[in-house]
Amino acid sequence: MYNTIFCILFILVGLLSVAASYFNWDWYFNNYRARFLVKIIGRRGARIFYTVLGLFLVGLGTAILLGR
């Protein structure tokens with residue numbers, strides 16, 4: 001039961017990250033956690049990083065949910 005909840009949570013967080021990168025949401029990239037990364041690699045680099053991270057989380061959540 002908890003495994004399923006965590007997998008769904010991973011998928012939702014991953015989708016949020018991909019959506020924030022695609023739509024370039026200011027509230028997401030002005031967050032204190034993302035601001036450090038934006039400062040180091042720039043806004044475009046942070047968008048790419050969070051897209052890859054989001055896709056990884058979606059893939060990980062889906063793989064665990066399907067039992068692979």
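Ring pairs join Tyr22, Phe23, Trp25, Trp27, Tyr28, Phe29, Phe49 and Tyr50 into a cluster. Rings of Phe, Tyr and Trp (its six-membered ring) pair if their centres lie within 6.5 Å; planes under 30 degrees apart are stacked, over 60 edge-to-face, and the rest tilted.

Before I go on: this is a predicted model, where local features need pLDDT of at least 70, side-chain atom pairs count only at pLDDT 80 or more, and totals for chains, interfaces and linings use all residues. Residues are numbered from 1 along each chain as its sequence is written, and side-chain values use heavy atoms, with hydrogens and water left out.

By the ring rule there are eight aromatic pairs. One of them is Tyr28 with Tyr50, edge-to-face, at 5.5 Å centre to centre and 85° between the planes. This pair links distant parts of the chain, with Tyr28 in helix α2 (residues 26–29) and Tyr50 in helix α3 (residues 32–66), 22 residues apart. Helices here are DSSP runs of H or I, at least four residues, numbered from the N terminus.

Tyr50 also pairs with Phe29: the centres are 6.0 Å apart and the planes at 65°, so this pair is edge-to-face. Phe29 is in helix α2, 21 residues from Tyr50 in helix α3.

Are these residues buried or exposed? Tyr28 and Tyr50 are buried, and so is Phe29. Buried means under 20% relative accessible area, exposed over 50%, and partly exposed in between (1.4 Å probe, protein chains only).

Met1 lies in the segment before α1 (2–23). Met1 is exposed, because its relative accessible area is 73%.

Methods
Helices (H or I, at least four residues) and strands (E, at least two) are DSSP runs, numbered from the N terminus.
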